[in-house]
Amino acid sequence: MTSTIKKIFGVRGVEDIFPPEAVLWQQVEATARRIFNLYGYGEIRTPIIEPYELFARGVGEGSAVVEKQMYTFPDRDNVMLALRPEGTAPVVRAYIESGTYATEALARYYYVGPMFRYERPQKGRQRQFHQIGVELFGTESPAADAEVITMAGHLFSALGIAGVTLEINSIGCPTCRPPFEKKLIAFLREKASTLCADCQRRLERNPLRVFDCKEASCQRTLAEAPEISAAWCEGCRDHFGRVRTALDQSKTSYTVNSRIVRGLDYYQRTAFEFTTDHLGAQNAVAAGGRYDGLVASLGGPDVPGVGFAIGLERLMLLCSQEAERVASDTLYVAMLSDSAVATMIPVISVLRKDGVRVEWDYEPKSLKSQMRRADKIGAHSVIIVGDDEVAKGEVVVRNMKTKEQHNVPLAALPRHFISVV
Ligand code: HAM
């Protein structure tokens, strides 16, 4: 029967996650929670809607995320809101608003949840995507940068993900970056004719972003551009050197890439990205850095911070082979008659209360169709019950792997499976 009523489709760039794929998400999230907990991080849950101004000021009005990618709307009181495009600014807002800085010298948070950016959807890039992120407040120590980076690496290895490359850089601080930007602008102006239209526009306002451009002609020009490392102040040079030493001490391998600049305006000093060759154009699985001025710029005290976020969809693409199918935990009950249903409903209830995952079809059906279903969901065993079994007070239990069958007395049933599972 086909309906003539028009279907409603989901929003472009926004995906549904069904079982059993959602099980993989749960497993990945559980692993992240376990690892972050080892480093002293606790979960923070912030709202999905925030004042527009939080991101305009926090992430930066000139950033592509705020300028072109945010979902913004006035609410019924005409307050301008935004769906969060990232998690750092909201966590900073919550940290300031709660006054946590006054009671905790160090604060460590992690978060898991959806973020929203109006981008052109493609593999590994959605308009609603999910991040797992961490934020550490209260220390400028290079050991903190290194530990945050190492923790991300720890999570990748715990998830069995190989082939992820870590690249690090220091993008300087308010002392050394402005003079460097001046020098870079002068260089880019001279070469403007070789730059794409986007970069020509970007070069005055946000010259560092030009490094992110993928156009071949821009990349050729940039090969000769001045490097930030030559402009670092003494403090930044020393900090970066000590981040590298701490990474070496914790046996975290990395390469220095002076082209890493990051697209969000709040970064200072350490910036890093984890990339992979397995994701095509959207090759950044995780990224982060230090944001020492952000808490103060959002009205809080001068507290430094460092963190990162992992793109969960991209992470899932990398670990989907590891998916364990939840269905292998399932016991399927095939019922061939009404009396079988009546007999088994209380037994199923006891099994579930004792932690056995049970599925059935809610009404008697042919054995063939029920076996097909049990096979499809990957059940480990099937209980088969018809009128004969009810009359004899027993059931047939079939092991789906070995294909062996044997009879089990009804009275022994919940015990039988509870001890098996
Ligand atoms: P970000 O580089 O904008 O940083 O995003 C972090 C990660 O989120 C990216 O590396 C990518 O894996 C994923 N991601 C970003 N946009 C999309 C998208 N449209 N679709 C799918 N995945 C995406 C931040 O958001 C910072 N808040 C990270 C941070 C935390 N820095 C310090 N603390």
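User: Which atom of the ligand lies 2.8 Å from a polar side-chain atom of Glu 135?

Analyst: A nitrogen atom of the ligand. This is a predicted model, where local features need pLDDT of at least 70, side-chain atom pairs count only at pLDDT 80 or more, and totals for chains, interfaces and linings use all residues. Residues are numbered from 1 along each chain as its sequence is written, and side-chain values use heavy atoms, without hydrogens and water.

User: How much of the ligand does the protein cover?

Analyst: The protein covers 96% of the 650 Å² of accessible area that the ligand has on its own. Such areas come from the Shrake-Rupley method with a 1.4 Å probe.

User: Why is strand S14 largely enclosed by the rest of the structure?

Analyst: In a regular strand the side chains alternate between the two faces of the sheet. Buried means under 20% relative accessible area (1.4 Å probe, protein chains only). Five of the five residues of S14 (381–385) are buried, so the strand is largely enclosed. Ser 381, Ile 383 and Val 385 lie on one side, Val 382 and Ile 384 on the other.

User: Which strand pairs with S14 in the parallel sense?

Analyst: Two strands pair if DSSP finds at least two bridges between them. S12 (330–335) pairs with S14 in the parallel sense, over five bridges. S15 (394–399) runs antiparallel to S14, joined by four bridges.

Terms used
Buried means under 20% relative accessible area, exposed over 50%, partly exposed in between (1.4 Å probe, protein chains only). Helices (H or I, at least four residues) and strands (E, at least two) are DSSP runs, numbered from the N terminus. A polar contact is a pair of N or O atoms within 3.5 Å; within protein, one must be able to donate a hydrogen and the other to accept it, and residues adjacent in sequence count only if both atoms are side-chain atoms.
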